[in-house]
Amino acid sequence: MSTFRLEIGPRPSMPDPTAKALAARLRSWAGLSPASVSSRRVYLLDLDIDAQAAEQILQAVTDPVAEAGALGQLPDDPEAVLLEVGLRPGVTDSVGTSVKRAAEDRLGRALTGQVYSAHVYSVRGLPAETLREIASALVYNPLIERLLVTDAAAARELLPVPRAGSDAPPQVATVALRAADDATLLRLSTDGMLALSLVEMKAIAAHFDTLGRDPTDAELECLAQTWSEHCKHKIFGAPIEVRRDDGTREVIEEGIFSRYIRGTTDAVAQARVEAALDPDSEPFLVSVFHDNAGVVRFTEADHLVFKVETHNSPSALDPYGGAMTGIVGVNRDSFGTGVGADLLANVWGYCLGDPAHDQPLPAGLMPPRRIRDGVHHGVIDGGNQSGIPYMRGWELFDPRYLGKPLVFCGTVAVMPVTAGGHATHEKRTAVGDVVVMIGGRIGKDGIHGATFSSVELDESAPVQAVQIGDPITQKVMFDMLAEARDLGLYSSMTDNGAGGLSSSVGEMAERTGGARIDLAKAPLKYPGLAPWEILISEAQERMTLAVPPEDLGALLELAARREVEATVLGEFTDTGRLQITYGDTFVADLSLEFLHNGVPRVQLSAKANYPVPEAPAADVVAGLDTTAGEVLCALLRTPGLSSAEQWSRHYDHEVKGLSVVKPLVGVRSDVVATATVMRVRHGRPEGLVLGEGVLPFYADLDAYAMAQAVVDEGVRRVLCAGAQMSRIAALDNFCWPDPVLSNKTPDGEHKLAQLVDCCRGLREACEAHGLPLISGKDSMKNDAMLGGVKISIPPTLLLSVMGQMRDVARALTLTPRAVGDDVWLLGATASELGGSEVARRHGLSWPSVPQTDPKKNAAAYRSFERARRGIGAVGPRGQPRGVGHCAGPHGSRGRPRSVANARRYWCCLGVRRTVVRKHRTDRAHRSAAACRGYRARAANGSAPRGGHRRAGA
């Protein structure tokens, strides 16, 4: 098979944005000023073609107006240094896959082999050695990419074709567990990246001892993936003994998930029944906690689906690939709920180190600025390339996120109530259904993803745990599966995310009581994978289906017509076992009972040890008071409070054309909205409202109060945009430092106590507001140990709130309706600045974070719902941002134009806040009697609609 090289670059008269971006990084990050930078794309065609066919492919992928292309090499600038960057062998090359598809379209036939993509940068004015030294920080990621630096004046060296795989025959090994001592068991777990404790390794050894044999490598890997913290949520399910300062003890035997998360939703569901909020046959909660995402009722024709995930560990190693995999993975979670939902909108949020950080970092950590750029780029490419808009986004910054950044990605989808004659939210796997794998092929990338995310980050992080999502392949697969869903061609599906086939087939097999598959039938990206690697390799663009035998022919025909690869691997049985072969070779035979329920429950211990800081001296507070304007200006310039416009504009918010209240509002569309509103179906008035609450710095002093404040913030946001209190739901995402006591985590008991306190506050606040938790995720090992330095994140709870409204024409924003409207601040506050931006930025401490009264607030919010009009919720880090947003004297980057303007809307940083403070604008405000009359009309619905006098929702 011949290999042909294609090089394509912009014509000299055309812009070169890729080169412009690199030149900007060289200047701003490294202080270097190149004379010029240019770029070109490279495609290595390792296909069964001749030179004539290669020329046709070149024409197909080159823009004849804006680009110049060559079969071979384009002319080089003899004074330039050339940097060629390409992916390492085995790393997913989604661009190369797309080019191969284009080549097949151009030639009109299927092609054998692969296409590999690369980039060449031509840099003048800088020496080769300088570029080589800074390349890993600015040009490429050595974990997944290769770099070749050459002098154009010399004979140019080229990167070789990155073929992966081998001709070695697949082998199944046996792991000697039964005779192993404790040290050997721990070494096997650590060296194999199994993330299993000694107790768990002993349980596996004991189980196989009863069978009279040792496990195969595939069986041990399958158990490790299924039992991982990522998949099994062992900390949330463990019995916990809580010891308190007064000497009392309590054991949460059922675990914090059952008591505080599922328990919350069960209590809210019962309260809805007692209040007769839903018709008997139409409960608001359609499907919660047992599928990939939560489902709630929306209209008579549609349900809403919502899921938010994290992708922290991979994003620390490869920000672009890790974040892209995160967004396409959560797209897949929402799409794969029930038998399929149509993707509607994405949300994102990042907790990062300060992008201005310029101090030395532990070896192995990337600069936070590069992580920030990478995760933004990855989430944009992963979601927008699939035709999905972004409706919410936020960022937080703190040095404790240097070790592991938190990358939250979420997706809302709309699910037809019925499809193919069945309820769409139900999976119906039956004995005899065929196991079909559909979508992307299997490779070494994505191996140990589940177990890798279940341990702290250190120097042994596995390269193969990082995968690159392929959004184009995923989009084609989704479109085909939506057709198959509407035709009723499959009975259920799930994703090949964490754990790959071991998780997808293993989970689906629970519904029938067994499954049998042959890994030799699985399509591979390249030869040489061991059976255990085929079994656990994960990918976001791959799904597993259960297909009734009578529908198999139609499904395969539809997949072929839509150019989606579909492969029959086996069938679902009722044997009670997961049975796996590779052709005639035995690979695994596991009891489903042991696979899913055999993991030992180990009791954990929690004991809080919160610091008790003293309030700052009176003269310090007085100093803040007298310089309030300057303090406000400084706060609004910090990365956590300044406008996110610069980053939000990188995302496409208008795909699908459904947005109503945009992510950016105001006269110049440069202020972040309190919440966003969008239609769900064209031509329908019903709307979806999205908001969130996240206040991690409160947890240092009071995790219980943090949770209650987070719920309050999320609810306020959606209410201020027009949501109905009776039609809101939430997702909880916990990202915690390791909360298990050990030699490496001596403060584990306190961190676990923080988690228990947080869950307790979450339940009390959600019950008060009638807010069900419909899905969620916990990530429990967010620590980094690199170069002997341990960095642990602050305990972080993100609550994503999804509201509904009957008519998007009644949506509200921060934008005042007209000159003369009053600005009101509603609600009592106190001198509670613990965990605030003021305290953090000035190195001060207060003994208390803001305290929330959920029951009192819930009553006030229901009254507010009856009479609301355009009122903005206080911002996520307190009054400065909320008042600053409403007032509008600041510029597009959150910088007030003058101290006088800033002070005009300032409330003394919360030290002297009043119960109600209002500011009269230029026109005389209405009389008190007129205000009371208008509010009364708004409450009973008789106020005029439209214009700035619009009534509430």
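Reply: P613 has a relative accessibility of 19%, so this residue counts as buried. Buried means under 20% relative accessible area, exposed means over 50%, and partly exposed lies in between (1.4 Å probe, protein chains only). The model is predicted: local features need pLDDT of at least 70, side-chain atom pairs count only at pLDDT 80 or more, and totals for chains, interfaces and linings use all residues. Residues are numbered from 1 along each chain as its sequence is written, and side-chain values use heavy atoms, with hydrogens and water left out.

P613 sits in the loop between β25 (604-607) and α20 (618-626). Helices (H or I, at least four residues) and strands (E, at least two) are DSSP runs, numbered from the N terminus. What touches P613, leaving aside neighbours within four places in sequence? The contacts are L701, S845, W846 and P847. Contact means heavy atoms within 4.5 Å. P847 is 234 residues away from P613 in sequence, yet their C-alpha atoms are 5.0 Å apart.

Among contacts between residues at least 6 apart in sequence, 81% join residues at least 24 apart. The protein has 953 residues, and 58% of them count as buried. It holds 29 helices and 37 strands.

Now the sheet. Its 6 strands form an open sheet in the order β3-β1-β2-β5-β4-β6, with antiparallel pairing. β3 (67-71) and β6 (145-151) stand at the edges with a single partner strand each, so one side of each lacks a neighbour in the sheet. From one strand to the next, the twist averages 20°. Strand β1 (residues 3-10) runs antiparallel to β3, joined by 5 bridges. I8 has G69 as its bridge partner in β3. Helix α1 (residues 17-30) packs on the sheet and touches β2 (36-47) and β5 (113-124); its direction makes about 125° with that of β2. Helix α3 (residues 94-107) also packs on the sheet, touching β2 and β5, and its direction makes about 120° with that of β5. Two strands pair if DSSP finds at least two bridges between them. Axes are lines fitted to C-alpha atoms, for helices over the stretch in contact; angles run from 0 to 180 degrees between N-to-C directions.

Strand β4 (residues 80-87) has 8 of its 8 residues buried, so it is largely enclosed by the rest of the structure. Both faces are covered: A80, L82, E84 and G86 are buried on one side, and V81, L83, V85 and L87 on the other. In a regular strand, side chains alternate between the two faces of the sheet. β4 runs antiparallel to β5, with 7 bridges joining them. There, L83 pairs with Y121. Another 7 bridges join β4 to β6, again antiparallel. G86 has R146 as its bridge partner in β6.

E84 also belongs to a salt-bridge network with R5, E7, R40, D76 and R156. A salt bridge is a side-chain nitrogen of Lys or Arg within 4 Å of a carboxyl oxygen of Asp or Glu. The whole structure has 61 of them.

E395 and R372 form one, at 2.7 Å from N to O. E395 lies in strand β13 (residues 390-397) and R372 in helix α13 (residues 368-384), so the pair ties together parts 23 residues apart in sequence. Both residues, E395 and R372, are buried.

R577 and D589 form another, at 2.6 Å from N to O. R577 is in strand β23 (residues 577-582) and D589 in strand β24 (residues 585-591), 12 residues apart. R577 counts as partly exposed, at 25% relative accessibility. D589 is partly exposed too, at 21% relative accessible area.

D217 contrasts with these pairs. It is buried but has no salt bridge; R213, the nearest side chain of opposite charge, is 9.6 Å away. Here Lys and Arg count as positive and Asp and Glu as negative, while His and the chain ends are not counted. D217 lies in helix α7 (residues 217-226). Not counting residues up to four places away in sequence, D217 touches Q171, V172, A173, V175 and W532.
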